[in-house]
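Work through these exercises with the model open beside you. Each task is followed by a stepwise solution.

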Amino acid sequence: MPEKNLESGKYAAREARGSEVVARRLDGLVDFITTPVTAPRGLLASLHYLTKTPRMLQSAREQGLTVTDRTLKAWLDGKRRPSKANPERIDAVCRTVRRHNVARHLLRRLNSGGGTRAETHPFNQSQVAGRTSASWSGGS
């Protein structure tokens with residue numbers, strides 16, 4: 001019922017675009033590696049994710065992972081460490097690939113079985129005053 005949202009600020013609700021709400025939620029789903037990529041464990045987790053399958057590696061390369069297979073293998077085996085700039089690049093590529101994979105999975109899930117309805121609620125109603133008995137009755 002979009003017509004009910006035409007005056008969203010009337011009751012002190014703050015609004016956000018539906019696309020922004022969906023993007024924030026996707027970003028929340030993407031953060032699955034809790035150890036930062038600057039730590040050896042976080043770096044290995046990101047590299048394992050990006051090299052899990054040939055398709056994932058190809059997707060990582062399309063998103064900007066430019067190191068050779070030999071360098072990747074050395075990093076995974078612990079024989080070499082990436083330079084200071086590479087962990088940030090790896091993290092950015094990992095987040096982009098993960099976001100794409102999560103979005104593709106959700107889209108496939110929403111379209112399965114003839115489609116699924118999804119709703120977004122872009123209004124922050126924390127500033128809206130609660131209803132009182134007077135507001136229910138219409139009087140003051």
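## Exercise 1: helices H2 and H4

H2 and H4 are oblique to each other. The model is a predicted one.

**Task.** Find the angle and axis distance behind this label, then describe the contact of H2 with H4.

**Solution.** 
- Step 1. Locate the helices: H2 covers residues 40-50 and H4 covers residues 69-77.
- Step 2. Take the geometry. The helices pack at an angle of about 135°, and their axes are 10 Å apart.
- Step 3. Apply the cut-offs. Over 145 degrees would count as roughly antiparallel, and 65 to 115 as roughly perpendicular. H2 and H4 are therefore oblique.
- Step 4. Assign the hand: H2 passes H4 in a left-handed crossing.
- Step 5. List the contact residues. H2 supplies Leu-44, Leu-47 and His-48, while H4 supplies Leu-72, Trp-75 and Leu-76.
- Step 6. Sort them by class: five are nonpolar, one is polar and none is charged.

## Exercise 2: helices H3 and H5

**Task.** At what angle do H3 and H5 cross, and which residues make the contact?

**Solution.** 
- Step 1. Locate H3 at residues 54-62. H5 spans residues 86-111.
- Step 2. Take the geometry. The axes cross at roughly 120° and come within 9 Å.
- Step 3. That angle makes H3 oblique to H5.
- Step 4. Assign the hand: H3 and H5 cross in a right-handed manner.
- Step 5. List the contact residues. From H3 come Arg-55, Met-56, Ser-59 and Ala-60; from H5 come Val-93, Val-97, Asn-101 and Arg-104.
- Step 6. Sort by class. The contact has four nonpolar, two polar and two charged residues.

## Exercise 3: Ala-60

**Task.** Is Ala-60 buried or exposed, and which residues does Ala-60 touch?

**Solution.** 
- Step 1. Read the relative accessible area of Ala-60: 0%. Buried means under 20%, so Ala-60 is buried.
- Step 2. Leave out residues up to four places away in sequence. Ala-60 then touches Leu-50, Leu-65, Val-93 and Val-97.
- Step 3. Check one pair. Ala-60 and Val-97 are 37 residues apart in sequence, with their C-alpha atoms 6.3 Å apart.

## Exercise 4: Asn-101

**Task.** Which residue does the side chain of Asn-101 join by a polar contact? Is Asn-101 buried or exposed?

**Solution.** 
- Step 1. The relative accessible area is 13%, so Asn-101 is buried.
- Step 2. Find the polar partner. The side chains of Asn-101 and Arg-104 are joined by a polar contact of 2.6 Å.
- Step 3. Leave out residues up to four places away in sequence. Asn-101 then touches Tyr-49 and Met-56.

Terms used:
Residues are numbered from 1 along each chain as its sequence is written. This is a predicted model: local features need pLDDT of at least 70, side-chain atom pairs count only at pLDDT 80 or more; totals for chains, interfaces and linings use all residues. Side-chain values use heavy atoms; hydrogens and water are left out. Axes are lines fitted to C-alpha atoms, for helices over the stretch in contact, and angles run from 0 to 180 degrees between N-to-C directions. Helices (H or I, at least four residues) and strands (E, at least two) are DSSP runs, numbered from the N terminus. Angles under 35 degrees count as roughly parallel, over 145 as roughly antiparallel, 65 to 115 as roughly perpendicular and the rest as oblique. A crossing is left-handed if the near helix is turned anticlockwise from the far one by less than a right angle, and right-handed if clockwise. Contact means heavy atoms within 4.5 Å. Ala, Val, Leu, Ile, Met, Phe, Trp, Tyr, Cys and Pro count as nonpolar, Asp, Glu, Lys and Arg as charged, and the others, Gly among them, as polar. Buried means under 20% relative accessible area, exposed over 50%, partly exposed in between (1.4 Å probe, protein chains only). A polar contact is a pair of N or O atoms within 3.5 Å; within protein, one must be able to donate a hydrogen and the other to accept it, and residues adjacent in sequence count only if both atoms are side-chain atoms.
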